[in-house]
Amino acid sequence: MTMPNAPTAPVSFTRGEILQAAPPPASLVGPIGWMRANLFSSPLQALLTVVGAYIAYKLVWTFVDFTIIRAVWTGADRDACLDEKVGRSVGACWPFVWAKFGQFMYGFYPLDSRWRVDLTGIVAIVLLVPLLIPSVPHKALNAVLFFGAFPILAFNLLYGGSIINPWLVVLGWIAIVAGIGLLVAYLMGRADGSASDAILKYGAGALAVGVAAMVLVRSGMFAAPALPVVETRQWGGLLVTLVVATVGIVAALPIGVALALGRRSKMPIIRFLSVAIIELVRGVPLITVLFFATYMLPLFLERSPDAMVRVLVGVSVFSGAYMAETIRGGLQAIPKGQFEGAMALGLNYPRMMGLIVMPQALKLVIPGIVNAFIGLFKDTTLVSIVAIFDLLGGMRAGFTDPQWASPVTLYTGFAFAGIIYFAFCYFMSRYSIFVENRLNTGRRR
Amino acid sequence: MKRIVSTLALGAALGLGATAALAQAPSTTLRNIQNKGFVQCGVSQGLAGFSQPDSAGNWTGLDVDFCRALAAAIFNDPSKVRFSPLSAKDRFTALQSGEVDVLSRNSTWTIQRDTSLGLNFAGINYYDGQGFLVRKSLNVKSARELSGASVCVQTGTTTELNVADFFRTNNLKFEPVVFATADETIKAYDAGRCDVFTTDASGLYAERVKLAKPDDHMVLPEIISKEPLGPVVRHGDDQWFDIVKWTHFAMITAEELNISKANLDQMLQSTNPEIRRTLGAEGNFGEALGLSRDWVVRIVRHVGNYAEVFDRNVGPSTRLGISRGLNALWNKGGLQYAPPIR
């Protein structure tokens with residue numbers, strides 16, 4: 001009898017597949033493991049964690065408790081925010097902010113014209129947001145609209161007066177400058193015999209167009225479609241803060257680049273002038289210059305410039321001088337080889353700077369540039385010197401209103417101002433980090 | 001834009017402009033105001049009851065109403081005035097430089113300001129003085145009972161010096177607790193850091209409403225310093241000085257003669273010669289000032305007499321609740337006194 005040779009599979013004593021890994025001990029994974037690794041890895045760490053958590057809890061809780069939990073949200077006057085009237089310990093008095101909201105945002109801007117400010121803000125956002133997002137197309141057109149057309153439109157809306165004249169003035173000046181430039185080029189070309197009549201024609205044409213535009217403005221022909229003028233004295237609140245900060249920020253970069261290049265120039269007069277401007281401006285406090293421009297200038301001048309113009313010019317020159325030094329720091333970090341390489345390629349000075357040096361230098365100093373912008377944004381409070389209430393000035397005036405004077409009014413106002421300033425500065429800071437990371441292609445690890 | 005461009009051109013031609021300004025004949029403040037169509041008035045950056053913007057953005061207060069009275073007298077329109085909110089340190093420079101036409105900013109009249117700063121005080125529209133605020137529970141009826149008290153006071157002010165003088169003169173002991181700003185000072189007093197809070201009396205009332213329970217506190221009757229507050233003009237234009245001065249006097253006179261917004265039309269029919277002279281029915285004092293004949297009518301119609309302005313802004317019915325005190329008329333036990341209009 002033979003064993004039936006049943007077809008049996010060969011018996012294997014090794015595993016066919018890998019054993020499922022056992023889960024790690026509970027103390028090493030999940031929230032507990034993370035906490036052990038990052039928060040309580042040593043007694044000192046544990047102590048610091050506990051202390052830090054306590055401080056964070058205290059700060060955050062105090063803020064939340066004051067601004068939300070104990071806060072009063074509605075009311076008609078100070079009675080709504082008094083402990084004994086409400087029957088509990090009162091936190092932030094938000095009705096004060098609602099009541100003064102128009103003041104904080106627009107200052108003394110006339111009530112029936114405030115839509116003009118809103119419209120300006122909406123147009124600014126519509127133009128600025130696509131400019132800030134890299135993937136949106138038509139950047140060049142967008143930039144022309146924002147930096148070229150928008151300022152004139154904003155002037156139209158915010159200040160008022162004739163709607164067409166400001167455009168004509170700007171176009172006229174551009175045409176006049178271009179015309180003169182072309183004529184000079186023609187005259188210079190005549191010297192070496194390369195002059196073409198086309199340049200002469202275009203130059204004369206541009207000049208004529210410019211002069212015609214100026215004549216039209218003078219004639220008062222387009223005074224008709226006009227918005228009522230709102231004097232800059234009536235501007236205030238966040239509007240002033242944003243106008244001053246935006247103009248300062250936009251003007252600072254070109255002024256700063258020009259001064260930084262001038263300071264490194266080999267031409268002695270330009271170098272001397274740049275150094276003189278930078279050092280003079282940095283050596284004098286902004287507050288002094290504004291004070292002088294506001295209260296001393298009228299002693300010399302028959303009619304002194306508008307207060308807001310004084311502020312804008314002062315702030316632009318100031319931020320430009322500081323910006324120049326920031327950019328110079330970037331220029332100094334560019335190795336000599338880059339300049340020499342550019343020259344070896346036969347690039348002239350503007351191209352060398354524009355294509356090779358400046359992109360690298362600016363990229364290096366983005367944190368410094370944004371630092372200056374944030375500082376400038378908060379320095380706008382100095383306009384109270386020229387008797388204009390910005391956000392903070394309007395708020396301080398609001399504190400004195402006996403209708404709202406209460407023990408918590410002061411804290412509420414500053415909390416509100418703090419939130420607004422923080423929102424703007426935090427946005428600038430985050431956006432700068434975004435740009436930095438995007439441009440940091442050469443050093444990314 | 002045109003304005004900005006011309007402004008830049010002006011700035012560039014600073015030297016030229018200065019020469020031109022010197023060459024021009026001095027024009028009077030009144031003519032300038034009439035040409036530009038409004039009075040530029042320097043006010044405070046916020047002082048309850050005196051000058052402060054309300055929630056709608058309109059300036060209100062005693063000092064503000066004085067400027068409106070000037071505008072009413074000149075233009076017959078109290079809205080033809082623009083306000084420059086000035087800080088305490090900029091105010092006199094702003095006036096000297098012509099940035100404002102008149103300074104109506106709770107400024108104390110002192111000999112130094114009147115002489116070496118080149119200014120003229122046109123009158124006193126509020127007699128202020130330093131006072132004390134205490135808790136009612138302290139059971140003190142007079143400042144002389146404050147021996148040994150701790151006093152909350154703002155540092156670097158004349159207030160601090162005045163209080164030291166007062167306690168030394170009266171041989172009382174006190175313990176000063178000093179702070180940098182008015183807001184900190186009143187907060188500390190509210191928190192119980194000291195027994196007494198001291199500042200100018202008008203300020204005491206304004207600060208009192210910031211306390212958690214204003215009714216538990218009282219202002220003591222003693223006033224320990226003189227702070228006459230009034231509108232200021234710069235030297236060199238006597239006509240304008242007269243206008244500002246007599247605008248104030250007109251408001252006092254109107255109160256004295258019982259001419260108010262409400263009964264103005266009746267008063268215009270009055271046969272009382274004093275009233276007739278004041279309202280321009282007899283004599284021509286307005287035109288002698290460079291204004292119109294009915295200048296007082298304009299002031300009273302648009303702004304009111306002194307009592308109306310006082311009651312509206314700081315009087316007992318307002319939140320400040322200040323009684324007339326020294327600011328009552330001379331014939332009612334106060335100091336407000338106007339020379340006769342005749």
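**Strands, helices and a contact between chains**

Author: Let's start with one pair: Ser150(B) stands opposite Glu175(B) in S10(B). Before going on, this is a predicted model, where local features need pLDDT of at least 70 and side-chain atom pairs count only at pLDDT 80 or more, while totals for chains, interfaces and linings use all residues. Residues are numbered from 1 along each chain as its sequence is written, and chains are lettered from A and ligands numbered from 1 in the order in which they are written.

Reader: What makes S9(B) and S10(B) a parallel pair?

Author: Two strands pair if DSSP finds at least two bridges between them. Strand S9 (residues 149-154) of chain B and strand S10 (residues 174-179) of chain B have six bridges and run parallel, so they pass. Strands here are DSSP runs of E, at least two residues, and helices are runs of H or I, at least four, numbered from the N terminus.

Reader: How do you know that S9(B) pairs with S11(B)?

Author: There are two bridges between S9(B) and strand S11 (residues 196-200) of chain B, again in the parallel sense. Val151(B) has Val196(B) as its bridge partner in S11(B).

Reader: Why is H4(B) called largely enclosed?

Author: A residue is buried if 20 or more other C-beta atoms lie within 10 Å of its own, exposed if 12 or fewer, and partly exposed in between, with C-beta atoms placed from the backbone. In H4(B), 14 of the 14 residues are buried, so the rest of the structure largely encloses this helix.

Reader: How do you know that the length of H4(B) agrees with what it should span?

Author: The expected span is 1.5 Å times one less than the number of residues. For the 14 residues of helix H4 (residues 62-75) of chain B that gives 20 Å, and the end C-alpha atoms are 20 Å apart, so the two agree. Just after H4(B), Asn76(B) takes a positive phi of about 60°.

Reader: What makes chain B as compact as a globular protein of its length?

Author: Chain B has 15 helices and 13 strands. Its radius of gyration is 22 Å, close to the 20 Å that the globule rule gives for 342 residues, so chain B is as compact as a globular protein of that length. The radius is taken over C-alpha atoms, and the rule is 2.2 Å times the number of residues to the power 0.38. Of the 342 residues, 46% count as buried.

Reader: Why does Gly398(A) count as buried?

Author: Gly398(A) has 25 C-beta neighbours inside 10 Å, so it counts as buried. Gly398(A) lies in helix H16 (residues 391-399) of chain A. Leaving aside neighbours within four places in sequence, its contacts are Lys100(A), Gln103(A), Trp404(A) and Gly413(A). Lys100(A) is 298 residues away from Gly398(A) along the chain, yet their C-alpha atoms are separated by 7.1 Å.

Definitions and conventions:
Contact = placed C-beta atoms within 7 Å.
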